[in-house]
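Let's take a walk through a protein together, one stop at a time. Have the structure open and follow along as we go.

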Amino acid sequence: VGATKFWSDGSMATMIDSDKIDTFKVLMGLADDPSLSHRLQFLCANMLICAMIYLTLRLTKLGDRAWYLTVYSSGVATSFGIYFMQQVYLNGVYNTMTTETEWSTYACIFFMAYCAMDLVIGSYEYDEAIDYKDGWVHHFFFIALLLWLLASGLTSLFAIALIEEVPTVILALARVSMSPKTPFAFGLSFFLLRICYHCYITYAVIEYSTVAFVIGVILLRSHVKWFHRWLASHLKKKGRMPMSVKVAIFAALIVIQTLGHGFAVYRMVVKNYLVAASGAVVVHLVIFLYFSAKMIMVIQDVYTKNFIMDAIGKKKVIYNISWEDPRVDHQVLKVGPEDVVLTISSAGCNVLDYMLEGPKELVAVDFNQAQLCVLELKILCIKYLQWEQFWQIWSRSNYPLFKEVWPTLRKHASKRCQEFWDDNGDLIRDNFMFAGTSGLMAKILSFPAGFIGLTDYMRKNTGNPYKGSIIFNFIVKFLSSSAWIPLGKWLAPLGGVPEKQLNLVMKTPGSCEIFAAKIGEIFEKIMWEKDNYFYYAYVAGRWDEHCCPRYMEKKNFKTLQQRVGQITLFHGSVCDAVTAMPQKCGNKFTVYSLLDSMDWMPESMVSHQMGTITDEKYFDREKGRIFWRSFATGDRAHSPVLAQLNPCMLPDTKYPDRVGWYLTQLWTPKLDKNFNSKNLLIEEKPSVIKQSFKGDLQVMFTMATYGISTSKKDAKDFYKSQAKVYDGFREALLPDRDNLLLYVVPWTTSPKTWVSVGCGTARDIEYVVEHIKQNNTKLYLCDLSPELLAIAEHRVKECGLSDLVTFVEGDINKKDVQAKLPPMGSIDLVTCSYCLTMIPTWKVAAKTMVDMLKPGGHLAIIDFTAKENCYNRLDQRFYKFWFAMDGVWLNEDQPSWFRDPKNGLSTQWYQEDPSRCPYTFFFPTHYQFLGRKIKAESKQK
């Protein structure tokens, strides 16, 4: 431990050699102190008090019992904190933190007692709340830290930080009082104390202890991360205070904190390092820049994730132009007089363009009332104004004319439209081409564009790319590389692009390069085409007669006047519009044009939407077509649910898109006659598996001993000793099984026979119990381990599926096991969940599973693999070595084998994702695959 100093009766004692004293005494900072017994008694008494307080509150049955001890500890710690803040006020920070007292020592011992008892009681009473990171690691870290402070005579450093427990008191009281909300006061106090104040004392302590400074920086990083998490969740919830006000408040506080942090660094550098130009200056500068970036990212991340819902809630325009090329829609869909169309309103451009094709009726739906008000005003202008007036308002943003005609138009407008345009005429006054979230980027770039002559060149409409500026050429070259795409997450909201949509680009290997090449092509070629009114509007700041949408052209004005009465506006979701059947003609929908809206939807929402809109009650299955766009790349739909529609990809060469940034355009010309849309609407409520740290330790011990064992790897023995705690650990280790069973498995085909290979404890079936029941699916659960099958049998009984499930123990490659299954070549569905990589002869097992399927049957696989196109990268080679120690062989050839049509399957869906391995910082890759068995004649062809 080394020499240590401590305080006794207010004065410093002599240095004590660690070789001559008891280690425990040193750690407690109480060597040869006559009060040692009193302090040990204090530790034990506090542990006993913790137990008594917990048991007392347990009898009251108040709120969440996991917070009982936290209320007590944070309350007492706050009291300590108030006392030491008073000392800071009276004696100054430096004097207070360098003066060791009995009070500061007792504060450390008290908090150690709490940490210990929270782990002990929590392990038995609320094990699910004591997780690894925020429970075990957090508490053991603080116990070790407090022991070090006691041994080093630095307990006063901990004492002056105890005021930071105020937000914990607020949160704990809310949880104990059964309030599900996290109070705004918690977030505000957390920011002021855990970030601002913590930053201040971290820099104050550096002159006293470098180690304490480093620990303070580590804790500050955690505090920023927790604050980020809270702010993101808090702003999503509705409250009395508008989100924009909350964002503004915290943005201002973050700016102040960043400036304060910068000043603290500056003062410290000037005081300590100005003369000696050491590397410490660089270190402190890096720390400041890191935390400044982290704080800015808090606001940026919150804005990018909430700007759409914020705009919807405040009835703000997001899109001033519909950024989907209707020319492609018409080439593919061929809308005619018998069609009833449903499309998303957006800015109304495509809605009006569709009307020139002459459908029987069109329903324009939007969740944002502001977008519907834009379209309604356009319709009113078409109905009641001359073309010249219509043109002046919407192509030249003629505000005086708008003010003149609005009183007349207002008489015919809905109440919603009246209220919106009464308050938002400035959208036209300030140039509608720059209105909304998407127009904000154009407005920002209009100034440099005008400066380099880009605006004037665009208005000439030569059809030739712009080459007149070195700056512009440099930007084009930069955008043609993928280096800028991570920055796109910051800039995307300025163009009205949700962050989730841009994430699709970065998800697939090689997609960033493809997307960057598309963006480069836009600037080099696409935006300069003579009829590209999209980019013309944003660069020129207007439309001209030689470059504008079809609905703006004078020759089409009379046609629109005759047809706009067939447009129905609907406020709500696509599902709401479909089920409400607002169309006047009463006919079913024949065309769905869904733009790119499904890019940012979670799979559950995509499933619900497609299950609803393809219902035969609302959708004409004989004539119906569905069309959408996506930022995702690849040769199939970005969603496994959409893949079940069997969509066709539209090649850019045949269907050139003037917008240019969509990487895929897809449509389903006709649904399969057996497509069961109702299965997409089934709701499941799987049980929640409680992960236990003790159980996880047992599993990890088994994995470790199995990994270092030199004997032959045997999967059956491997699972025998961990069967009872198998599910808890693997719930985190084996991700996305719910996604595979719920959305990748094609329930729209209504499978009647299903074989689950390597079923384990049958956890997978809990995700789809209602699917199995409603489809009367006969399920065969196969596994090598009788211990795991015993748990599976108990689970099947609890799910009420005993009549539909057959258990098969053994190797599916063996004839005696196959005899217990349906005949080879007759099965509708085969699944294999994190099993195939444990079979050395996996190709034999894979071929057996394919042979089980009937022609048109489906094989769904999820398993670990080496990341595509990165097989030899150092991390992937490490994962192969690491997993192989536990008998799991990562093999990039495995997914390639399934995706090769020569092996009997056509790929319906494939995706790779990294996921964190529990208790580590490793992110191995797993894949999800769905293949349909090719018919013999198709395979031969």
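Predicted model: local features only at pLDDT ≥ 70, side-chain atom pairs only at ≥ 80, totals over all residues.

Now try it out on helix H8, residues 166-176, and helix H9, residues 184-204: their axes lie 8 Å apart, and the packing angle is about 160°. That angle makes H8 roughly antiparallel to H9, since anything over 145 degrees counts that way. The crossing of H8 past H9 is left-handed. Which residues in H8 and H9 meet? From H8 come Val166, Pro167, Thr168, Ile170 and Leu171, and on the H9 side they meet Ala185, Phe186, Ser189, Phe190, Leu193 and Arg194. Sort the residues of this contact by class and you get eight nonpolar, two polar and one charged.

Helix H22 (residues 470-479) packs with helix H25 (residues 511-524) at an angle of about 155°, and their axes are 8 Å apart. H22 and H25 are therefore roughly antiparallel to each other. Here Phe472, Val476 and Leu479 are the H22 residues, and they meet Ala516, Ile519, Gly520, Phe523 and Glu524 in H25. By class, the contact of H22 with H25 has six nonpolar residues, one polar and one charged.

Is strand S4, residues 361-366, enclosed or open? Six of its six residues are buried, so S4 is largely enclosed by the rest of the structure. In a regular strand the side chains alternate between the two faces of the sheet. Look at both faces of S4 and you'll find each one covered: Glu361, Val363 and Val365 are buried on one side, and Leu362, Ala364 and Asp366 are buried on the other. S4 also has a partner, strand S3 (residues 340-344), which runs parallel to S4 and is joined to it by five bridges. If you want a spot to check, Leu342 stands opposite Val363 in S4.

Next, hop to a loop. Asp736 sits between helix H33 (726-733) and helix H34 (737-744). Its relative accessibility is 26%, so Asp736 counts as partly exposed. What does Asp736 touch, leaving aside neighbours within four places in sequence? Its contacts are Ile862, Asp913, His926 and Gln928. Take Asp913: it is 177 residues away from Asp736 along the chain, yet their C-alpha atoms are separated by 9.3 Å.

One of those contacts, His926, leads us to the next stop. Pro914 belongs to strand S15, residues 905-914, and with 55% relative accessibility it counts as exposed. Not counting residues up to four places away in sequence, Pro914 touches Phe923, Pro924, Thr925 and His926. Pro914 and His926 are twelve residues apart along the chain, and 6.3 Å separates their C-alpha atoms.

Finally, zoom out. The protein has 941 residues, and 55% of them are buried. It contains 41 helices and 16 strands. Of the contacts with a separation of 6 or more, 74% are between residues 24 or more positions apart.

Methods:
Residues numbered from 1 in each chain as written. Heavy atoms only, no water. Axes fitted to C-alpha atoms, helices over the stretch in contact; angles between N-to-C directions. Helix = DSSP H or I, 4+ residues; strand = E, 2+ residues; numbered from the N terminus. Parallel < 35°, antiparallel > 145°, perpendicular 65-115°, else oblique. Left-handed = near helix turned anticlockwise from the far one by under 90°. Contact = heavy atoms within 4.5 Å. Nonpolar A, V, L, I, M, F, W, Y, C, P; charged D, E, K, R; others polar. Buried < 20%, exposed > 50% of the residue type's maximum accessible area, 1.4 Å probe, protein only. Pairing = 2+ DSSP bridges.
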